[in-house]
Amino acid sequence: MAYRSRFADPPPRKPSRLRLMLPAITVGVMSVALCGFWLYASWKTGSEIDGWLAREASLGRNWTCPDRKIAGFPFRIELSCTTPSFEGSAEGRGINGTLGKVLAVAQIYTPSHVIIEAESPLVVRERRGGTEWRLAWEGSLRASVIGQPGNCLLYTSPSPRDVA
């Protein structure tokens, strides 16, 4: 048996590949987590919109959003709606109306700050009497909402112009 000093160098080890793989594994896990978070946030957005539509319907205000889409992966939540319409009453009169395409966008890291863009025209009709009001503007009408529902609305577009 050969004599080994306890101060001698230990036999060489195989280099660990874990140090090489750890950054790639970390990036992969964080990417999967971001995807999961975005899917949950987009699902939650859709369910909140459905809840709001149901509350409005129970109050006699019916909103429809044909072709509703939720998009914006990975850093935004976008809700787009082509030609949304509404039906209800205002000041005791039955009204209905439509609006051009609407896009609402929130960054995933500031979900309480929503930017809304609406395309022209806004058409409002009175059910009895058939009076119709049409409001048109160039470009998009933009609004920025910060906070929870019921907070102030900050209007950021140039003033709309009325087109008969």
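With which residue does Glu78 form a salt bridge, and how far apart are the closest N and O atoms? The partner of Glu78 is Arg76, and the closest N and O atoms are 2.5 Å apart. A salt bridge is here a side-chain nitrogen of Lys or Arg within 4 Å of a carboxyl oxygen of Asp or Glu. The structure is a predicted model, in which local features need pLDDT of at least 70 and side-chain atom pairs count only at pLDDT 80 or more, while totals for chains, interfaces and linings use all residues. Residues are numbered from 1 along each chain as its sequence is written, and side-chain values use heavy atoms, with hydrogens and water left out.

The protein contains one helix and 11 strands. Helices (H or I, at least four residues) and strands (E, at least two) are DSSP runs, numbered from the N terminus. Along the sequence the pattern is α-β-β-β-β-β-β-β-β-β-β-β. Of the 164 residues in the protein, 20% are buried. Buried means under 20% relative accessible area, exposed means over 50%, and partly exposed lies in between (1.4 Å probe, protein chains only).

Helix H1 spans residues 18-58 and includes Leu20. Leu20 has a relative accessible area of 68% and is therefore exposed. Leu20 also belongs to a nonpolar surface patch, together with Leu18, Met21, Leu22, Ile25 and Val29. The accessible area of this patch is about 620 Å² in total. Patches are made of residues with over 30% relative accessible area and no salt bridge; like charges are joined within 9 Å, and nonpolar side chains (Val, Leu, Ile, Met, Phe, Trp, Tyr) within 5 Å. Accessible areas come from the Shrake-Rupley method with a 1.4 Å probe, and for residues only the protein chains shown count as cover.

Five strands form an open sheet with antiparallel pairing, in the order E1-E4-E5-E8-E9. Strands E1 (62-64) and E9 (132-135) are the edge strands, each pairing on one side only. Two strands pair if DSSP finds at least two bridges between them. From one strand to the next, the twist averages 20°; axes are lines fitted to C-alpha atoms, for helices over the stretch in contact, and angles run from 0 to 180 degrees between N-to-C directions. Within this sheet, strand E5 (residues 93-99) runs antiparallel to strand E8 (residues 122-126), and five bridges join them. One of the residues in these bridges is Thr98, whose partner in E8 is Val123.

E2 and E3 are antiparallel and share three bridges. They form a hairpin with four residues between them, and Gly72 in the turn has a positive phi of about 110°. Ala71 has Glu78 in E3 as its bridge partner. E3 also runs antiparallel to strand E6 (residues 102-107), and six bridges join the two. Cys81 stands opposite Val102 in E6. Five of the six residues of E3 are buried, so the strand is mostly covered. In a regular strand the side chains alternate between the two faces of the sheet.

A search of the whole structure finds one disulfide, defined as a pair of cysteine sulfur atoms within 2.5 Å. The disulfide joins Cys65 to Cys81, with an S to S distance of 2.0 Å. Cys65 lies in the loop between E1 and strand E2 (69-71), and Cys81 lies in strand E3 (residues 76-81); the pair links distant parts of the chain, 16 residues apart. Cys81 is buried because its relative accessible area is 5%, whereas Cys65, at 27%, counts as partly exposed. Cys35 is also partly exposed, with a relative accessible area of 33%.

Glu56 counts as buried at 12% relative accessibility, and Arg61 as partly exposed at 34%. Arg76, the partner of Glu78, is partly exposed at 31%. Another salt bridge is formed by Glu117 and Arg142, with the closest N and O atoms 3.3 Å apart. Glu117 lies in strand E7 (residues 110-119) and Arg142 in strand E10 (residues 140-146), so this pair ties together parts that are 25 residues apart in sequence. Both count as partly exposed, Glu117 at 26% and Arg142 at 41%. Salt bridges that share partners also join Arg125, Glu132 and Arg134 into one network.
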